[in-house]
Amino acid sequence: MTAFDAPPVSVPDHRTMLAAMRLASRAPSVHNTQPWRWVFDGKQLHLYSDTDRILTSADPQGRQLVISCGAMLHHVRTIFGARGWHTDTVRRPDPERPDYLAKISFRPWPDPPMGLKARARAIDSRRTDRLPMAEPRGWDVVLPRLRMLVSPHYLELDELEENVRPRLMAASQQAAALRRYDMAYGSELNWWAGHSESPEGIPPSALVSQAEAERVSVGREFPSAPHSLRRADTEDRARLVVVSSESDALVDWLRTGEALSAVLLECTAAGLGTCALTHITELPAGRALLASLVPRPVRPQLVIRIGTAPDEGPQAPTPRRPVVDFFTTTTH
């Protein structure tokens with residue numbers, strides 16, 4: 001067989017695979033727990049949840065864990081797509097294994113759309129912004145695009161009207177109050193937030209001071225950073241959108257993570273800041289309130305703040321685990 005007769009390459013090579021995994025690990029996850037595990041068998045790529053990283057107090061059912069894995073699944077597919085690989089994905093390939101979330105097969109994709117390439121370029125610069133943000137620029141154009149990106153995942157994205165913000169703020173404060181004297185929850189939160197020099201968790205640089213947090217109407221309470229008042233002149237006018245599903249099964253959680261990734265990357269590519277909020281949907285009362293604010297019977301999964309942040313130069317990325325910690329190959 002000559003070089004001209006060689007069969008076409010059917011999977012990405014090892015270097016491409018490692019580079020894609022390294023970049024895709026920039027995906028957001030609850031408390032930056034990075035609760036995913038990937039296995040490549042030489043033909044297909046398999047995604048598993050790492051249940052050792054579940055937040056037993058905040059997320060006993062593992063819903064946010066699966067959402068986090070869905071976000072990385074979408075990051076992986078976006079990166080491979082931008083590099084010329086179509087990813088045929090089967091979700092929940094083995095119903096008897098709840099930790100086995102997806103398997104990916106590859107085929108060449110010579111002409112991926114420009115929007116996908118733009119979202120792939122945005123991965124490295126996306127950050128969670130917990131500070132006040134101004135109104136999102138170009139919102140009338142961006143919002144329909146976000147709805148279009150969420151729709152293929154069998155989910156709905158709804159903007160919450162400004163007049164419901166006080167009710168959502170009250171729900172957020174109620175969730176914080178209910179957790180305030182929960183020692184297990186507090187210990188768990190402090191374990192994952194505020195530690196430096198760790199490849200996981202939320203570093204001190206990503207936290208906000210109490211004075212800054214008080215200027216954002218809806219947000220999770222984290223350990224407070226040292227006092228500062230960044231963006232003192234910025235009134236928080238970020239828009240709030242809620243992502244919802246018709247049912248509340250594991251596959252819905254996985255698709256929620258994929259939709260979350262698509263929304264965050266599209267916003268980043270458009271120059272907007274984002275912050276995913278999951279604490280409101282951790283407790284039944286918060287989910288019930290959100291459901292009452294959406295004009296159809298749904299199961300709210302999460303809220304996203306979207307706004308315009310002032311140009312503050314490059315922001316330090318939150319840490320990530322080495323690829324060898326979550327990716328293995330079984331090829332021989």
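# Notebook: a walk through a predicted model

Entry 1: I began with glutamine 34, which I found in the loop between H1 and E1. I am reading a predicted model here, so I keep that in mind for every entry. Is glutamine 34 buried or exposed? I looked up its relative accessibility, found 0%, and noted the residue as buried, because the cut-off for that is under 20%.

Histidine 31 belongs in this entry too, as it lies in the loop between helix H1 (14-24) and strand E1 (36-40). Its phi is near 55°, again a positive value in a residue other than glycine. I checked the cover of histidine 31 as well: with a relative accessible area of 5%, it is buried.

**Entry 2: E1 and its partners.** Next I followed the chain into E1. Four of the five residues of E1 are buried, so the strand is largely enclosed by the rest of the structure. As a reminder to myself, strands of a sheet pair through backbone hydrogen bonds, either parallel or antiparallel.

Which way do E1 and strand E2 (residues 44-49) pair, parallel or antiparallel? I found the antiparallel sense, over five bridges. To see the pairing residue by residue, I picked arginine 37, which stands opposite tyrosine 48 in E2. The hairpin of E1 and E2 has three residues between the strands, and in it glycine 42 takes a positive phi near 100°.

I then looked at strand E9 (residues 327-329), which runs parallel to E1 and is joined to it by three bridges. Here valine 39 stands opposite threonine 328 in E9.

**Entry 3: on to E2.** I asked how many of the six residues of E2 are buried. The count is five, so I wrote E2 down as mostly covered, with buried meaning under 20% relative accessible area. E2 also pairs with strand E4 (residues 100-108), in the antiparallel sense and over five bridges. Leucine 45 is a handy place to look, as it stands opposite isoleucine 104 in E4.

**Entry 4: the four-stranded sheet.** I moved to an open sheet of four strands, which I traced in the order E5-E6-E8-E7, with antiparallel pairing. Why is one side of E5 and of E7 left without a neighbour in the sheet? Strand E5 (155-159) and strand E7 (273-277) stand at the edges, and each has a single partner strand, so one side of each stays without a neighbour there. From one strand to the next, the twist averages 25°.

I zoomed in on E5 and strand E6 (residues 239-245), which pair in the antiparallel sense over five bridges. The bridge partner of glutamate 156 is serine 244, in E6. Helix H4 (residues 139-150) packs on this sheet and touches E5, E6 and strand E8 (299-307). The direction of H4 makes about 160° with that of E5.

**Entry 5: a proline in H4.** While I was at H4, I noticed that proline 144 is found in this helix. I looked up its relative accessible area, 44%, and noted proline 144 as partly exposed. I also took a distance: the C-alpha atoms of proline 144 and alanine 171 are separated by 27 Å, and the two are 27 residues apart along the chain.

Entry 6: My last stop was helix H8 (residues 250-269). H8 has 20 residues and reaches 29 Å from its first C-alpha to its last, close to the 28 Å expected at 1.5 Å a residue. I found H8 mostly covered, with 18 of its 20 residues buried. Glycine 271 follows H8 and has a positive phi, near 80°.

How do H3 and H8 lie to each other? Helix H3 (residues 114-122) and H8 pack at an angle of about 90°, with their axes 8 Å apart. An angle from 65 to 115 degrees counts as roughly perpendicular, and H3 and H8 are therefore roughly perpendicular to each other. I listed the residues that meet: Ala118, Arg119 and Ala122 in H3, with Ala262, Leu265, Glu266, Thr268 and Ala269 in H8. Sorted by class, this contact of H3 with H8 has five nonpolar, one polar and two charged residues.

Conventions: Residues are numbered from 1 along each chain as its sequence is written. This is a predicted model: local features need pLDDT of at least 70, side-chain atom pairs count only at pLDDT 80 or more; totals for chains, interfaces and linings use all residues. Side-chain values use heavy atoms; hydrogens and water are left out. Helices (H or I, at least four residues) and strands (E, at least two) are DSSP runs, numbered from the N terminus. The expected span of a helix is 1.5 Å times one less than its number of residues. Buried means under 20% relative accessible area, exposed over 50%, partly exposed in between (1.4 Å probe, protein chains only). Two strands pair if DSSP finds at least two bridges between them. Axes are lines fitted to C-alpha atoms, for helices over the stretch in contact, and angles run from 0 to 180 degrees between N-to-C directions. Contact means heavy atoms within 4.5 Å. Angles under 35 degrees count as roughly parallel, over 145 as roughly antiparallel, 65 to 115 as roughly perpendicular and the rest as oblique. Ala, Val, Leu, Ile, Met, Phe, Trp, Tyr, Cys and Pro count as nonpolar, Asp, Glu, Lys and Arg as charged, and the others, Gly among them, as polar.
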